[in-house]
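Work through the exercises below with the sequence and the structure open. Try each task before you read its solution.

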Amino acid sequence: MKWDGRALVVPAALLILAEIGARAGGPSDSVAPPSQVLTAFVGALGDGSLLIATRDTLASAFGGLAIGGAIGLALGVLFGALRPLDRLMEVTIELVRPIPSVALIPVALVALGFGYRLEIAIVAFACTWPVLLLTRAAVGGVEPRLIEVAHALRLGFVARIAKIIVPAALPRIFVAFRLAAGVSLIVAVTVEIAVNPLGLGAGIMTAGQALRPELMLAYLLWIGIVGFALNAVLVFAQQRLFGRAALVGEVR
Amino acid sequence: MNDCSARAGEALIRFSKVDLAFSNRKILEGLDLEIMRGEIVCLVGPSGCGKTTALRVATGLLAPTAGAVAFGGAPILGPRRDVAIVFQDYGKALLPWRTAAGNVSLALEAAGTPRAGRAARIAALLAKVGLPHHADKYPSQMSGGMQQRLQIARCLAQEPAALMMDEPFGALDAMTRQELQDEMLQIATTTGATILFVTHDLEEAIYVGDRVIGLLPQPGRIGIELKIGLPRPRDQIATREDPEFLKLRRELYDFIKSAER
């Protein structure tokens, strides 16, 4: 993406206004001038606390993403490829899926206690659904002619999934994982803010309760950067991996 | 004619009183048809006469509602590896994420050919259909004619006793279509494969066929059967100027006109 340099005028102006406004208002428990936020940010980065918190959050997010994504992928492929099974499970799925993942926090807390396991379990629950639904749709949307080719060649069920269905659905399955990765970060931070005493969410809560708005906002800034970077990496990977597949069907 | 005439006189595919209906709508009714070993039989007819359906029944992709189809004496219960299907929409039938070699390889993988033997066979098959230098190209990098050649190569990898071709050249331009007709006849001669060829192009049917079956629509049933006695190998100019060709063409056009009425 090409950025017009003029697009930076508005954010720069807002930063200057925030600096002036925050200084004019005097010391505050909720806002801090951008210069102090930056200082707090560099300090937290320097003493390692920010990086440890980032490690904890990403470990939980990716752990949950891996588990939830694997479950969603397996069920999505099965339900997409086997229509009768899909019809059998549809009501169950639609009853469980709307439960907000954070509503499971009390249940998971009782069962698992504080720590990584609690967070991973809730992230996994949240990540299962987008991957399951989009994979099921991707598998169901595989060109019917390719399924016929598989039948004509008498490929077995496993070979049909491995050689035809999954490769054909892979570009759309990857989009599902990209969405689920975003969900995993949001849910991980939410669980940390709500109960779990680790990671970036706990960091931002602690800073707020310690009446250190500059550190709180530094955490907020960093969470934004981590989310942005995660998405950028995945978009880049998607274009590298599936740039050709995205062109399939177009006349050259 | 060629070496397969030695085996002639024996039906490879036999339709016996085949009926096919989709929810009360009759598509095929009382279809009786024998296709001899090594024979090229063309199915023509107005659109909606069930010619593609008949081909799908013969491949085992569709089961008849009544009656039976036998292959080499045994009833057809599902797709067979020695019956290959060439679809019209080659763009959808090829795997876009595999190269030409990879697409041919799919048929070998399905047949359980050991990995070591695949490369040589893939090269031979691609050479046979005129794509020896395109093994590493993806279907999206190939023209329509090349893609259809590739699909034929994948079908030949099955070492089929019968090739089922569903309007295989319908989407190609006239020049490419004629080239592929001749290449297909060449392959039929060398492999001795039995071919069921569905087309809406009446001249193409006469040009490639030993026999042309015209179907009547609603429900599909046999309306005319023409034995094509034109000499082989056929030639795009000489065969099409043959008075016999013109007579057959007239007969078939008259049939289609009356069938459409």
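**Exercise 1. Describe how helix 4 of chain B and helix 5 of chain B cross, including the hand of the crossing.**

Solution. This is a predicted model, and every value here is computed from it.

Step 1. Find the hand. The crossing of these two helices is right-handed.

Step 2. Find the distance and the angle. Helix 4 covers residues 115-128 of chain B, and helix 5 covers residues 144-157. Their axes come within 9 Å and cross at roughly 130°.

Step 3. Classify the angle. Angles over 145 degrees count as roughly antiparallel, and 65 to 115 as roughly perpendicular. The angle of roughly 130° therefore makes helix 4 of chain B oblique to helix 5 of chain B.

Step 4. List the contacts. Helix 4 of chain B contributes B:Arg121, B:Leu125, B:Leu126 and B:Lys128. Helix 5 of chain B contributes B:Ala153, B:Leu156 and B:Ala157.

**Exercise 2. Which residues does B:Ala153 touch, leaving out those up to four places away in sequence? Then place B:Ala153 in the largest nonpolar core.**

Solution. Step 1. Collect the partners. B:Ala153 touches B:Val104, B:Leu125, B:Leu126, B:Lys128, B:Val129 and B:Leu131.

Step 1. Go to the core. The largest nonpolar core has 140 residues. The members that touch the most others are A:Val123, B:Val104, B:Ala153, B:Met164 and B:Leu196.

Step 2. Check the domains. In chain B, domain 1 (3-82 + 162-260) and domain 2 (94-159) each give this core at least three residues.

**Exercise 3. Compare the backbone and the surroundings of A:Leu211 and B:Glu167.**

Solution. Step 1. Recall the rule. Most residues other than glycine have a negative phi.

Step 1. Read the angles. Phi is near 55° for A:Leu211 and near 45° for B:Glu167. Both values are positive.

Step 2. Locate them. A:Leu211 is in the loop between helix 9 (199-209) and helix 10 (213-246) of chain A. B:Glu167 is in the loop between strand 7 (162-166) and helix 6 (174-191) of chain B.

Step 3. A:Leu211 is exposed, because 12 other C-beta atoms lie within 10 Å. B:Glu167 counts as buried, because 20 C-beta neighbours lie inside 10 Å.

**Exercise 4. Where is the cis peptide bond between B:Gln218 and B:Pro219, and what is its omega?**

Solution. Step 1. Read omega. Its value is about -10°.

Step 1. B:Pro219 is in the loop between strand 9 (211-216) and strand 10 (221-227) of chain B.

Note on methods. Residues are numbered from 1 along each chain as its sequence is written. Chains are lettered from A and ligands numbered from 1 in the order in which they are written. This is a predicted model: local features need pLDDT of at least 70, side-chain atom pairs count only at pLDDT 80 or more; totals for chains, interfaces and linings use all residues. A nonpolar core is a set of buried Ala, Val, Leu, Ile, Met, Phe, Trp, Tyr and Cys residues joined through C-beta atoms within 7 Å. Domain bounds come from an automatic or database domain assignment. Two residues are in contact if their C-beta atoms, placed from the backbone, lie within 7 Å. Helices (H or I, at least four residues) and strands (E, at least two) are DSSP runs, numbered from the N terminus. Axes are lines fitted to C-alpha atoms, for helices over the stretch in contact, and angles run from 0 to 180 degrees between N-to-C directions. Angles under 35 degrees count as roughly parallel, over 145 as roughly antiparallel, 65 to 115 as roughly perpendicular and the rest as oblique. A crossing is left-handed if the near helix is turned anticlockwise from the far one by less than a right angle, and right-handed if clockwise.
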